[in-house]
Amino acid sequence: YSKLARLCEEILKKDENNQKALTYLMYAYCDFGQYHLVLRTADKILRLNPKNSHPYNCKAMVHLVRGEYKNALLLADEGLKIAESHDLKKTRIEALISLERFDEAYEFFKSQNISEYNFTNAIIRCGKYSQIPKYGSDLSEKELLGYLFERCRYLERKGTHSEILEV
């Protein structure tokens with residue numbers, strides 16, 4: 001993403017409103033964890049093209065990371081009015097799970113056709129481990145243990161050792 005960000009910045013020096021370069025730069029900022037730049041870039045993209053759904057998803061993801069789940073849900077819903085993207089659907093599900101609106105999240109998940117995505121993994125990513133017995137039927141025991149192990153590795157890299165004990 002570093003090289004991509006540099007290329008986008010070069011393009012933007014010549015054309016500050018290049019939406020493709022702004023969009024790729026926004027995703028790079030997201031990957032770098034520079035959330036203030038994600039939000040600023042997303043707002044610029046939306047000023048240039050209010051019908052672009054990508055900035056809504058990036059902004060919603062920033063709000064999820066910050067624990068601002070209601071804002072994340074609102075942004076995901078706004079983006080879904082523009083485009084039926086899998087990323088926005090996933091973000092909406094994770095915002096609902098984070099808000100502990102599990103049944104609503106599960107019903108939405110079942111009503112969508114999101115390839116390569118399962119509800120149990122979403123529960124794990126949101127740290128709502130107590131809900132696995134109720135909603136975790138879409139995985140084998142081996143798959144579940146694999147996802148839980150990956151979550152522990154992620155939390156260890158992040159330095160969130162207290163949450164590892166919950167897992």
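What is the volume of the largest pocket? The largest pocket has a volume of about 810 Å³. Keep in mind during the tour that this is a predicted model.

**Stop 1: the largest pocket**

Select V65, E94, R125, R151 and Y154. Of the 25 residues that line the largest pocket, these are the closest to its centre. Next, colour helix 2 (19-32), helix 4 (54-65), helix 6 (86-98), helix 8 and helix 10 (141-158), the elements that each give two or more residues to this lining. Helix 10 provides the largest share, five residues. By residue type, the lining of the largest pocket divides into 13 nonpolar, five polar and seven charged residues.

**Stop 2: the second largest pocket**

Now select Y27, N57, M61, L64, D87, K90, T91, E94, Y117 and R125, which line the second largest pocket. Its volume is about 160 Å³. Helix 4 and helix 6 are the elements that give two or more residues to this lining, and the largest share, four residues, comes from helix 6. The lining of the second largest pocket is made up of four nonpolar, two polar and four charged residues.

**Stop 3: a cluster of rings**

Show the side chains of F102, Y106, F109, Y117, F119 and Y135, which ring pairs link into a cluster. Y117 also belongs to the lining of the second largest pocket.

How many aromatic pairs are there? The count comes to seven. One of them joins Y106 and Y135: the pair is tilted, with 5.3 Å centre to centre and 55° between the planes. Y106 is in helix 7 (residues 102-111) and Y135 in helix 9 (residues 132-135), so this pair links distant parts of the chain, 29 residues apart. Is Y135 buried or exposed? Y135 counts as buried because its relative accessibility is 4%, under the 20% cut-off. Y106, at 21%, counts as partly exposed.

Move on to F109 and F119. Their ring centres are 5.5 Å apart and their planes stand at 45°, so this pair is tilted. F109 lies in helix 7 and F119 in helix 8 (residues 119-125), so the pair ties together parts that are 10 residues apart in sequence. F109 is buried, with a relative accessible area of 16%, and F119 is buried with 0%.

**Stop 4: a charge over a ring**

Finally, select R92 and F108. R92 lies over the face of F108, at 4.5 Å from the ring centre.

Terms used. Residues numbered from 1 in each chain as written. Predicted model: local features only at pLDDT ≥ 70, side-chain atom pairs only at ≥ 80, totals over all residues. Heavy atoms only, no water. Phe/Tyr/Trp six-rings, centres within 6.5 Å; stacked < 30°, edge-to-face > 60°. Buried < 20%, exposed > 50% of the residue type's maximum accessible area, 1.4 Å probe, protein only. Lys NZ or Arg CZ within 6 Å of the ring centre and 35° of its normal. 1 Å grid on protein atoms, 1.4 Å probe; cavity = no way out; pocket = protein on both sides within 12 Å on 5 of 7 lines; lining within 4 Å. Points joined across faces, edges and corners; volume = space filled by probe spheres on them. Nonpolar A, V, L, I, M, F, W, Y, C, P; charged D, E, K, R; others polar.
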